[in-house]
Amino acid sequence: MEKNINITLRIWRQKGPKEKGAFKEYSLQNISTESSFLEMLDVLNEQLINNGEDPVVFDHDCREGICGMCSLYINGHPHGPDEDVTTCQLHMRKFNDGDVITVEPWRSAGFPVIRDLMVDRSAFDKIMQAGGYISVNTGGVPDANAIPIPKANADEAMDAATCIGCGACVAACKNGSAMLFVSAKVSQLALLPQGRIEAARRAKAMLSKMDELGFGNCTNTGACEAECPKNISITNIARLNREFIKAKLKD
Amino acid sequence: MAKTDITPEAMEAKTQQEAPQAATQPAAKKIDSKIPEGPLAEKWTNYKSHQKLVNPANKRRLDIIVVGTGLAGASAAASLGEMGFNVLSFCIQDSPRRAHSIAAQGGINAAKNYQNDGDSVYRLFYDTIKGGDYRAREANVYRLAEVSNSIIDQCVAQGVPFAREYGGLLDNRSFGGAQVSRTFYAKGQTGQQLLLGAYSALSRQVKKGTVKLFPRHEMLDLVIIDGRARGIIARNLITGKIERYAAHAVVIATGGYGRTFFLSTNAMGSNGSAAMQCYRKGAYFANPAFAQIHPTCIPVHGEFQSKLTLMSESLRNDGRIWVPKKKEDAEAIRAGKLKPTDLKEEDRDYYLERRYPAFGNLVPRDVASRAAKERCDAGYGIGSTGLAVYLDFASAIERLGEDVVRARYGNLFQMYEKIVDENPYKTPMKIYPAIHYTMGGIWVDYELSTSIPGLFAIGEANFSDHGANRLGASALMQGLADGYFVLPYTIQNYLSDQITVPRFSTSLPEFVQAEKDVNARIAKLMNIKGKRSVDSIHKELGHIMWEFVGMGRTKEGLETALEKIKEVKKEFWTNVHIPGEADTLNVELEKALRLADFIEIGHLMALDALNRNESCGGHFREEYQTPDGEALRQDDKYMYVSCWEYQGDDKEPVMYKEELKYEAIKVQQRNYKQ
């Protein structure tokens, strides 16, 4: 049932990529437990603006858990303490009256801080550009039902394709690895006959771009899977490794 | 013009009062929609056969700016890049993949007839025109239906993991306003999968060097040279720097303006500013009043709320909508004394099944929304506010089993539970209508060209295909049709004589002036130094819009809205407070620039709604309804597209009419009862 709580926020404030950041404390009264975490931050920002201070900068857009734009490391967890949700779907009912809540940006070499809680995730776009596609042009393709695909494969490809590219896996990983993100795309396309043709080339190209951009390696801790808001499975990483080894053997 | 078959009784039922023609003048300008000659089914083929093309060597000398990277923008930029044009792709998000098309849940229509249930290009065309309440352009809609099948082929080739049957072939489901199963889907994440497909294609072109991305850039003005669109002014949202970009043509794919209402199913960044910049430079704004209110959204619950979450229309395949039959039960439920699951079958009013036996729970969105409002206004609403109805899966779970329901809608049920904290497998969902989509937008002709040469508009940003109401699963279809299969052809007809035009320098006086104007607007906003936050004023605008320009509109209400919007405008321009500096990252400044335009759009919507003395689709004027409460059109007076032309900041716009002619379809009153 709806109630109001009082909380203290410890929020990371940082002017720019090269400037030194620090935690700053804010107390908030009468926050409805029915509001989402980002709506709570809206309330904080409204308060800051009315006091003539700079609002806290954070990325967000769809606020329904699908665009992948929101981030935030809340009390030590990417997307906060609730399971299977992004920060925008995290609700204040998961917190108690009097809680101190620590909010940080994604911290990873691959995602430099832009300001406060906003980070630069353009590295994900660059990895996609390296090979996260099937090389077909618009037009001139066969009928959609020309190639039947076993339902199990299509469903598994769909599960992998559910990745929203938020970067929680990188933020959760002690090595700052983007393997879960890369493997989700490689798996989706490798599971479908249309994507099979370029599977080897794709795995090599995306992995080498990931390395080049400063992401770490995978040491199978499983933190990425545990924190992924969309339940992307680490079996995708195993599949990526298989694709990669097969590709290397052919070289 | 085709004859209507509205009954004389129904015609008599409408009130005779007519609102004054709000600020409109006799149509002096002729609106030329450039519809090709010939029979409907051959128009597009004929057009393509005879249009002018640009040869491959010349394509790389031509630059095209595409603003927006949703389904329309990303598919257009990718396709144009593949053809060899030099494309500059802009978006306000940190990556093209974030565009709000990503949030579309239910599916995409196509006339494949894979289910052998009688579908055809004509039937999809017919359903779309009828669903739009006979206010869309026949030729455009026919073309849309025609290319719909290619979209599905294209997406499958890109690796979009559509749902499949055990035999390996594609599965379909049904959506509102159709009696066939023609909707392709990928769980409840169809928009996500289609957008990621287009984003993949776009990424491939970025690697090839034909497309250059400009993420976190917001268009702030259109640059016109000698009467043609030749570039944009954009603000780098990270550095705050105002930048100039030139091109041979500009494509607007920036989506709709639903966030005029503050609370909507749109993303927080969705806005109508690019459209308004084009409007202020002379592009007509068409049918601004046509906004879609989606029947199944999670209800509003508090003043802190920032957005409304949609529950996909696909849920109406298996969910049944109801309210209590007795008022005392509704009151007991609102007071928390009675649970919906306690109510016996005979005490429930499945009002859509009762009123519309032929389509039942799958009536079009406008009809379902109004029916929910009617029940709630009459005192049968549930939830703490009384502004909600039930969407119940109990009978589906009984019939199919919980596992099947979970496989079909699992992610939607999970989303509902996370937001509302109730388990929809055990108790019915609470839903209520919310602003979702805008059918109105920048006016375009058959070639998707606006009234400014060289400026094109695609996807939700244009007005062309959905008339007064869009059918479910048709937004994705239209976005991708425009981007993959229509614009890449039609834009060449424009560019063919531009091949000798050299690249433009951004030091030209037109660019200098446009940048100066943008800077002046920003400086004016920063210097107000008032007391109110942008959001607080936006919420005020939203309340006015929902109350007076929402589901039920009246002449008096709309006149009140126009007055109140004027007050909001004054409050905004004298009392808004934007902290920080303009020449750096400044989220409040971004929001203020967008709100300034939302206020103008709100005004335009109310003006257009006041002018249109009829009810059609999502535009419901309470004065014009049939005796049983259905929308009553006035085909003899309003069978036209209203095209609004900007006249200056302090002047009312002038309206021109594009008369609609129905040659292939018999115009009739929509009927979803039999």
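How many residues of chain A are in contact with chain B, and how many of chain B with chain A? The count is 65 residues of chain A and 65 residues of chain B. This is a predicted model.

**Chain B as a whole**
- Chain B holds 19 helices and 19 strands.
- The C-alpha trace of chain B spans about 75 × 60 × 50 Å along its principal axes.
- Of the 674 residues in chain B, 60% are buried.
- Take the contacts in chain B between residues at least 6 apart in sequence: 75% of them join residues at least 24 apart.

**Chain A as a whole**
- Chain A holds 9 helices and 7 strands.
- The C-alpha trace of chain A spans about 60 × 40 × 35 Å along its principal axes.
- Buried residues account for 53% of the 251 residues in chain A.
- Among contacts in chain A between residues at least 6 apart in sequence, 70% link residues at least 24 apart.

**Where the chains meet**
- In the contact between the chains, 65 residues of chain A touch 65 residues of chain B.
- Several elements of chain A each supply at least two residues to the side that touches chain B. They are helix H1 (37–50), strand S6 (113–115), helix H2 (122–131), helix H3 (151–161), helix H5 (179–190) and helix H6 (193–196).
- H1(A) gives the most to this side of chain A, with 7 residues.
- By class, the side of chain A that touches chain B has 29 nonpolar, 20 polar and 16 charged residues.

**The largest nonpolar core**
- The largest nonpolar core has 301 residues.
- B:Ile65, B:Val251, B:Ile252 and B:Ile442 have the most contacts inside this core.
- Helix H18 (residues 587–611) of chain B gives the most to the core, with 14 residues.
- What does B:Val251 touch, leaving aside its neighbours within four places in sequence? Its contacts are B:Ile64, B:Ile65, B:Val66, B:Val67, B:Ala76, B:Phe456, B:Ile458 and B:Leu487.
- In soluble globular proteins, nonpolar side chains tend to be buried together.

- Helix H15 of chain B (residues 509–526) has 18 residues. From first C-alpha to last, H15(B) reaches 26 Å, close to the 26 Å expected at 1.5 Å a residue.
- B:Phe511, B:Ala514, B:Ile522 and B:Leu525 are buried in H15(B).
- Why do they sit on the same side of H15(B)? They cover an arc of only 70 degrees around the axis, which puts them there.
- The buried residues of H15(B) pack against strand S6 (217–225), strand S7 (228–236), strand S8 (242–246) and H18 of chain B.
- The face turned away from the buried side of H15(B) carries exposed residues. These are B:Pro509, B:Lys516, B:Ala520, B:Ala523 and B:Lys524.

**Helix H5 of chain A: enclosed**
- H5(A) has 12 residues and reaches 16 Å from its first C-alpha to its last, close to the 16 Å expected at 1.5 Å a residue.
- In H5(A), 12 of the 12 residues are buried, so H5(A) is largely enclosed by the rest of the structure.
- The buried residues of H5(A) include A:Met179, A:Phe181, A:Lys185 and A:Gln188.
- H5(A) is also one of the elements that supply at least two residues to the side of chain A that touches chain B.

Notes
Residues are numbered from 1 along each chain as its sequence is written. Chains are lettered from A and ligands numbered from 1 in the order in which they are written. This is a predicted model: local features need pLDDT of at least 70, side-chain atom pairs count only at pLDDT 80 or more; totals for chains, interfaces and linings use all residues. A nonpolar core is a set of buried Ala, Val, Leu, Ile, Met, Phe, Trp, Tyr and Cys residues joined through C-beta atoms within 7 Å. A residue is buried if 20 or more other C-beta atoms lie within 10 Å of its own, exposed if 12 or fewer, and partly exposed in between; C-beta atoms are placed from the backbone. Helices (H or I, at least four residues) and strands (E, at least two) are DSSP runs, numbered from the N terminus. Two residues are in contact if their C-beta atoms, placed from the backbone, lie within 7 Å. Ala, Val, Leu, Ile, Met, Phe, Trp, Tyr, Cys and Pro count as nonpolar, Asp, Glu, Lys and Arg as charged, and the others, Gly among them, as polar. The expected span of a helix is 1.5 Å times one less than its number of residues. The arc is that of the directions from the helix axis to the C-beta atoms.
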